[in-house]
Amino acid sequence: MTFSTRITVRSYELDALGHVNHAVYHQYAEVARGDAFEAAGCAWDSLFESRTGPVLLESHITFRRELRKGDIVDVSCSAKFGTGKTFQLRQQITKLDGTVAAEITSTVGLMDLDARRLLPDPAAVLERAGVNLAMLTGQQPPDGLSSELI
């Protein structure tokens, strides 16, 4: 199961064409990323105190369908960890009728805030910090939170 958070499109997020401005899709993805990590037990304050912080290195979005004022969407977030210094986050913005409005793929790392360098093995760093990696990778449903298969 993949983590998902629900967002309602607000009027101030629209552009001159009457649909959601392109940058807002990235904001929706950011909200879902934060919610997913929080649901998985990530305590950002503790990471920052240990001089570790997340860094978004790359974000690619494919727009599939427009979003308009009042649309309600589910924004998913699923992590894929490998063996390097970065990991992938895959997200979808989906209307309630199942229509995929956008797909976002991001490359993320964890930075040593003093050395200003990426840390090796971000999965291990997060796991040591008490983050439930199974929840982030979609292997375990979040307890008491909205989630659905996509």
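In this predicted model, F87 touches F37, A79, K80, F81, S106, T107, V108, G109, P122 and L126, when residues up to four places away in sequence are not counted. F87 is also, together with L126 and L136, one of the residues with the most contacts inside the largest nonpolar core, which has 21 residues. Helix α1 (22-39), strands β3, β4 (86-95) and β5 (100-112), and helices α3 (122-128) and α4 (133-136) each supply at least two residues of this core. Another core, of 16 residues, lies apart from it and includes V20, V73, I93 and A101. In soluble globular proteins, nonpolar side chains tend to be buried together.

Aromatic rings were considered next. The count comes to 5 aromatic pairs. In one of them, the ring centres of Y25 and F63 are 4.9 Å apart and the planes stand at 85 degrees; because this angle is over 60 degrees, the pair is edge-to-face. Y25 belongs to helix α1 and F63 to strand β2, so the pair ties together parts that are 38 residues apart in sequence. Y25 is buried, at 4% relative accessibility, whereas F63 is partly exposed, at 41%. The rings of F37 and W44 have centres 5.6 Å apart and planes at 40 degrees, and the pair is therefore tilted. F37 counts as buried at 5% relative accessibility, while W44, with a relative accessible area of 24%, is partly exposed. Ring pairs link F37 and W44 with F48, F81 and F87 into a cluster.

The strands pair as follows. Strand β1 (residues 2-8) and β3 are antiparallel and pair over 6 bridges, with T5 standing opposite V75 in β3. On β3 and β4, which also run antiparallel, 7 bridges were found. These two strands form a hairpin with 4 residues between them. Within this pairing, K80 stands opposite Q88 in β4, and D74 stands opposite T94 in β4. β4 is in turn joined to β5 by 9 bridges, again in the antiparallel sense, and Q91 stands opposite I104 in β5. The hairpin of β4 and β5 likewise has 4 residues between the strands, and in it G98 takes a positive phi near 95 degrees. Of the 10 residues of β3, 8 are buried, so this strand is largely enclosed by the rest of the structure. In a regular strand the side chains alternate between the two faces of the sheet.

D74 lies in strand β3, which spans residues 72-81. D74 counts as buried because its relative accessibility, 6%, is under 20%. The side chain of D74 makes a polar contact of 2.8 Å with the side chain of R6. N132 is 58 residues from D74 in sequence, and the C-alpha atoms of the two are 21 Å apart in space.

A search of the whole structure finds 0 disulfides. C42 is in no disulfide, and the nearest cysteine sulfur, that of C77, is 12 Å away. C42 is buried, with a relative accessible area of 7%, and C77 is buried at 2% relative accessibility.

Backbone angles were examined in the loops. Most residues other than glycine have a negative phi. R51, which is not a glycine, has a positive phi near 65 degrees. R51 lies in the loop between α2 (44-49) and β2 (52-63) and is partly exposed, at 36% relative accessibility. R116 is not a glycine either, and its phi is positive at about 60 degrees. R116 is found in the loop between β5 and β6 (117-118). With a relative accessibility of 52%, R116 counts as exposed, because the value is over 50%.

Note on methods: Residues are numbered from 1 along each chain as its sequence is written. This is a predicted model: local features need pLDDT of at least 70, side-chain atom pairs count only at pLDDT 80 or more; totals for chains, interfaces and linings use all residues. Side-chain values use heavy atoms; hydrogens and water are left out. Buried means under 20% relative accessible area, exposed over 50%, partly exposed in between (1.4 Å probe, protein chains only). A polar contact is a pair of N or O atoms within 3.5 Å; within protein, one must be able to donate a hydrogen and the other to accept it, and residues adjacent in sequence count only if both atoms are side-chain atoms. A disulfide is a pair of cysteine sulfur atoms within 2.5 Å. A nonpolar core is a set of buried Ala, Val, Leu, Ile, Met, Phe, Trp, Tyr and Cys residues joined through side-chain atoms within 4.5 Å. Contact means heavy atoms within 4.5 Å. Two strands pair if DSSP finds at least two bridges between them. Rings of Phe, Tyr and Trp (its six-membered ring) pair if their centres lie within 6.5 Å; planes under 30 degrees apart count as stacked, over 60 as edge-to-face and the rest as tilted.
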